[in-house]
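Please walk me through this structure. Begin with one side-chain contact, then widen the view.

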Amino acid sequence: MLTWLKSVSKPFFIVLVGFIVLTRFQGCQYIAAYSGAGFAANLPDATSIAKPISCNTQALQVMSYNVRYGSTTIEAVANRFRGGDTGDGYLPWSVRIPEIRARIASYAPDLLGLQEMETDADIGGIVPLDTYTLVTYHLGSFQYGDSALLFKTSRFEKLDSGQMWLGHTPDLPMSLGFSRLAMIRYVNWVMLREKSTGFTFMFVNTHFDNASKNKEPSATLFRERIASLTKGLPMIVSGDFNTTAGNERYRRLMGSDENPPLLINSFALFNGQIGNQASHPNKLIDHILVGGPCKTEVEQWLVDTRQLKNGQRMSDHNPIFARLRFTS
């Protein structure tokens, strides 16, 4: 018996050490990075980007929407093991797709940030990819669209794009979060040039984790690496920040102690009627933010609280929409 234990203890110990290295020290991520997948693309250097000759743009229609589990894979697993029940009381993704697609199309956004998506095919089910260019994370055939963003191909030219991972190693793709057992989260960005004017700006989309151990340091990281770029670069940010306006974490990610602030919420620039108190922007965790050297005018801002036609909720979030323009 003792001999047998000795014979199995060594390989067991090796496997255990290997497992710890691969998880605790993100071995799989480093192996992928060094074997060809690469590290995250460098963020733009705002100080080296020439300011636009003119800040004047036509209206930009921007939408942010957390669709709740936009994944055929999740639905397939639920169908196989739970009789189709996803355990959250919401209708399956395939049932919600047609109305989500119609809702997004009704706003014809120029810039669209989605959260809780998975594959390109899932995204293509609600947004026509012959009209929009999709930016999301790919590693070979693996696709991770939790912070997918899209822009109208006919209007904008992509100059650069990449991701920043919300964890201790933000340049390591698929990096674990600050709390390692939480969902992997990232910031997705693209540098765009408006074809008709040459106006250059950065569009960013993200989804912060809902656990404080992750979203607190994520706010600091976002401010240091992303919001700070607005000192020399026009920027539009969409996302589910799991953070309401007014608390300390929100002020930190916005850079509110700067003069002027690094980012400002688009609703704060809108002079029209906001809507009912249930959807008041101060109660929301989804935001459309703007910043940079140009002035920003917000012509329309709203939260779409309409339900599915059968009266059930389309998602546990409502889409946020803003029509804005940059001016001199």
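In this predicted model, start with a polar contact: the side chains of Thr119 and Asp122 meet at 3.0 Å. Where does Thr119 lie? Thr119 sits in the loop that runs between strand S2 (111–117) and helix H5 (120–124).

Thr206 belongs to strand S7, which covers residues 200–207. Thr206 is buried because its relative accessibility is 0%. Which residues does Thr206 touch, leaving aside those up to four places away in sequence? Gln115, Ser147 and Leu166 are among them. Tyr186, Val187 and Phe222 also touch Thr206. So much for part of the list; Ser238, Gly239, Asp240 and Phe241 belong to it as well.

Next, step back to the whole chain. How many helices and strands does the chain have? The secondary structure comes to seven helices and 12 strands. The chain has 328 residues, and 50% of them count as buried. Contacts tell a further part of the story. Take those in the chain with a separation of 6 or more: 74% are between residues 24 or more positions apart.

Last comes the surface. The accessible surface of the chain is about 15,400 Å². Carbon and sulfur atoms hold 56% of that surface.

How values were computed
Residues numbered from 1 in each chain as written. Predicted model: local features only at pLDDT ≥ 70, side-chain atom pairs only at ≥ 80, totals over all residues. Heavy atoms only, no water. Helix = DSSP H or I, 4+ residues; strand = E, 2+ residues; numbered from the N terminus. Buried < 20%, exposed > 50% of the residue type's maximum accessible area, 1.4 Å probe, protein only. Contact = heavy atoms within 4.5 Å. Areas by Shrake-Rupley, 256 points an atom, 1.4 Å probe, with all protein chains shown as cover. Polar contact = N/O pair within 3.5 Å; in protein donor to acceptor, adjacent residues only side chain to side chain.
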